[in-house]
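Colleague: I would like to learn how to read a model of this kind with care. Could we go through it feature by feature?

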Amino acid sequence: MKKLKNKTDIQLKEIDTDLIFKNLIDKVKGYNPGVDPGLLQTAYDMAKENHQDQYRKSGEPFIIHPLEVADILADMEMDQTSIVAALLHDILEDTELTLAKVKKVFGNKTANIINGVTKLDKIVFHTKEERQVENLRKMIIAMSEDVRIILIKLADRLHNMRTLSSLGREKIKKKAMETLEIYAPIAHRLGIHQIKSELEDLSFMYLYPKQYKLIDDMTREKIAKRKTLMDEAIEIIKEKLEEVELSSEISGRNKNFYSIYNKVTKQHRKFEDIYDLMAVRIIVNDIKTCYGVLGIVHSLLKPVPGRFKDYIANPKFNMYQSLHTTVIGSKGKPLEIQIRTYDMHKIAEYGIAAHYKYKEGSLQISGFDKRIAWIRQILDWQKELKDPEDYMESLRLDLFEEEVFVFTPKGKVINLPRGSSPIDFAYQIHTDIGHNCIGAKINGQMVPIETILENGDIVEIIVSKAPKGPSRDWLNVVKTSSARNKIKQWFNREERQEAYNAGREIMAKILRKNSLSFKNITSDIMEDVTREMNFEKVDRLFSAIGSHKVSPHQVYTKIVKKLSQAEPEKEMTIEDIEKKERKKKDDSGIIVKGMDGVLVNIAKCCNPVPGDGIMGYITRGKGISVHRGDCNNINNLAKMNEQRFIEVEWDKKSPYKFNAEIQIEALDRTKLLRDITNVISEYDLNIASANTLKVDKAGHAKFRFLIEISNKYILKDVIKNLKQIDSIYDVFRILPRK
């Protein structure tokens with residue numbers, strides 16, 4: 001929140017902050033009788049004096065904010081140092097007070113925590129500026145060196161979210177999104193369910209007010225119906241536990257709105273099928289009793305098969321432990337039951353903060369080191385420390401033991417599973433970078449690409465200039481499933497390509513032996529054959545041929561059958577034989593009605609190809625010029641002398657090739673020309689000429705190709721497949737203007 005000085009455009013509020021502080025002292029004394037009230041008083045006086053005449057957007061004195069942050073930490077039963085640091089957490093950023101003065105009065109540890117919180121406030125999320133690198137590294141290091149820094153920051157963010165309505169709409173959305181994407185997940189990682197849930201619900205309310213209201217209305221209606229069911233179950237269980245003299249605390253709890261929203265939208269669960277909308281929570285003294293209570297619950301209420309989870313034997317990554325079971329209550333409705341100890345409940349609500357409980361100067365640990373998988377393995381526990389501050393100095397948590405946060409040279413944060421290598425990092429950046437990775441630098445030093453990454457590393461990938469491809473050995477190194485899948489996909493694709501090439505070559509040989517080639521076969525015929533062979537794509541059919549899963553002769557038989565259906569064979573007449581003889585003399589591909597052996601030229605102005613409507617024109621000394629029927633030149637000639645026109649037609653049996661010009665328009669990129677020529681060569685077509693018409697500053701490229709084609713249907717097919725190439729947005733044949 002921005003602090004305001006002597007603002008006249010807001011309504012200032014008079015609040016008894018001394019009374020609020022007195023209540024804070026009483027709360028801290030309630031869980032920590034050994035607290036030093038004088039030290040807290042000094043912190044409060046210093047904060048009040050330095051924040052004097054500063055007000056929040058709501059009009060409240062600014063000192064209210066650090067008091068509320070300290071109160072949130074007191075609810076979590078945090079230690080004295082945390083409360084002092086909370087009272088002073090904004091003092092370095094918003095007042096003239098120096099870090100040296102804070103150190104002198106409160107010591108290095110408190111001052112370092114305050115300084116750590118101040119640095120966190122300066123972090124700008126979702127930017128690409130290079131300074132983000134150091135800021136985010138400081139955040140990670142701060143959290144791992146003293147977790148109280150992030151706990152104070154979470155409390156700070158929680159109070160700001162509670163009072164967010166006084167800001168403008170844009171700032172509200174920005175803060176709420178940042179909270180949902182950054183701070184709530186951190187609270188979840190630390191196991192602080194109470195703060196995580198409230199942060200999520202407040203963010204949800206501000207970002208998606210309509211959806212929030214819908215979930216609110218649906219939940220209220222559902223809870224009203226299920227409350228009777230829950231109360232009945234609580235009464236049955238409570239009565240039985242009292243009968244066997246088991247001490248317990250039984251209550252109901254409601255699921256937070258954002259969790260419900262996620263289950264409905266992301267997990268595609270029906271609202272009616274969310275069984276843990278309400279749950280009965282049973283808290284007992286020890287682990288043994290947890291399992292005893294579970295047996296009693298199952299004897300009273302029928303358990304739902306497959307709905308039991310033992311988080312005591314298998315804790316979650318954030319230390320959460322409980323027994324979860326779903327039972328059938330009255331009226332056949334399911335109800336979730338959670339069973340845990342008081343220590344487990346404290347951890348479930350406050351996560352890591354639950355382990356900072358002080359009574360008369362001694363820290364109560366309760367086997368903390370055995371239950372948290374992500375505590376640094378090298379941490380030496382000292383269970384009998386008289387000075388809790390000494391213990392706090394030795395406590396260095398790597399909050400993200402299951403994850404490491406590393407950085408690109410430009411400051412982008414990449415999170416990976418612990419144990420990841422630069423190979424994982426490379427694939428996280430881009431698939432092609434992963435495939436062509438040949439080396440890496442970590443913090444400016446060359447390292448093997450199998451090196452394990454650590455929190456805060458700055459990683460630079462060295463890429464081969466020539467396409468390289470991954471090594472199969474990488475599959476034994478990578479940690480991320482995405483990298484593993486991409487490597488496997490590359491090898492699968494390579495194998496498919498090899499099989500495809502082999503299959504296509506096999507088919508080409510068989511076709512050549514029978515005086516055919518792929519240019520005689522349209523894509524429609526190949527697609528029909530592919531479907532008959534139960535394949536989705538022609539490529540897969542060729543791959544199956546290449547890997548010897550399909551007989552090429554079987555495919556050839558189907559192709560020939562399709563060709564014969566497309567153009568039925570007819571018995572040759574004497575006239576056909578004569579035409580065939582004439583064809584040997586005149587191989588132009590054009591039949592001139594009533595004339596044999598005449599010179600025929602294909603007009604270059606319109607380049608007609610078989611399938612186009614054509615017209616012949618008798619020239620002076622150059623034979624017959626054949627034009628497209630819609631050619632402008634032929635229309636102009638018709639106006640001058642219609643008598644020189646002669647009827648012509650295509651010789652369907654002629655192997656003659658004709659020139660067709662096409663234009664290709666695309667967004668320029670590397671290997672674009674290669675991809676274009678590859679498609680044309682698939683049809684065994686000759687490229688007579690190729691020209692780049694234009695590549696402008698915006699990257700728009702235009703190409704023209706003159707290709708030799710046997711008929712317009714093949715040309716149509718070529719154009720269709722060229723349009724499928726990535727970045728090409730138009731392909732068309734160059735025709736005469738009308």
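Colleague: Which helix has the lowest confidence in the chain, and which the highest?

Modeller: Where pLDDT is low, the predicted coordinates should not be read in detail. This is a predicted model, and the chain averages a pLDDT of 77, with 79% of the residues scoring at least 70. Confidence is lowest in helix α17 (residues 388–394), where the mean is 34, and highest in helix α3 (residues 64–75), at 92. Residues 1–8 have a pLDDT below 50, and this stretch has 25 contacts in the model beyond near neighbours in sequence. The pLDDT is also below 50 over residues 124–138, a stretch with 30 such contacts.

Colleague: How many helices and strands are there in the chain, and what share of its residues is buried?

Modeller: The chain holds 27 helices and 25 strands, and 47% of its 738 residues are buried. Of the contacts between residues at least 6 apart in sequence, 67% join residues at least 24 apart. The accessible surface comes to about 38800 Å², and carbon and sulfur atoms account for 49% of that surface.

Colleague: What is the strand order in the open sheet of four strands?

Modeller: Strands of a sheet pair through backbone hydrogen bonds, either parallel or antiparallel. Here the order is β17-β19-β18-β20, and the pairing is mixed. Because β17 (600–602) and β20 (645–646) stand at the edges with a single partner strand each, one side of each is left without a neighbour in the sheet. The partner of β17 is strand β19 (residues 624–628), paired with it in the parallel sense over three bridges, and within this pair Val600 stands opposite Ile624.

Colleague: Which residues of helix α22 are buried, and what follows the helix?

Modeller: In α22 (residues 538–546), the buried residues are Leu541, Phe542, Ser543, Ala544, Ile545 and Gly546. After α22 comes His548, which has a positive phi, near 60 degrees.

Colleague: Where is Leu722 placed, and is Leu722 buried or exposed?

Modeller: Leu722 lies in helix α27 (residues 712–722), and its relative accessible area is 0%, so Leu722 counts as buried. If neighbours within four places in sequence are left aside, Leu722 is in contact with Ile662, Ile664, Ile676, Val679, Ile680, Ile728 and Val731. Sequence separation and spatial distance can be set side by side for Leu722 and Thr677, which are 45 residues apart in sequence and 9.4 Å apart in space, C-alpha to C-alpha.

Key. Residues are numbered from 1 along each chain as its sequence is written. This is a predicted model: local features need pLDDT of at least 70, side-chain atom pairs count only at pLDDT 80 or more; totals for chains, interfaces and linings use all residues. Side-chain values use heavy atoms; hydrogens and water are left out. Two strands pair if DSSP finds at least two bridges between them. Helices (H or I, at least four residues) and strands (E, at least two) are DSSP runs, numbered from the N terminus. Buried means under 20% relative accessible area, exposed over 50%, partly exposed in between (1.4 Å probe, protein chains only). Contact means heavy atoms within 4.5 Å. Accessible areas come from the Shrake-Rupley method with a 1.4 Å probe; for residues, only the protein chains shown count as cover. pLDDT is the predictor's confidence in each residue, from 0 to 100.
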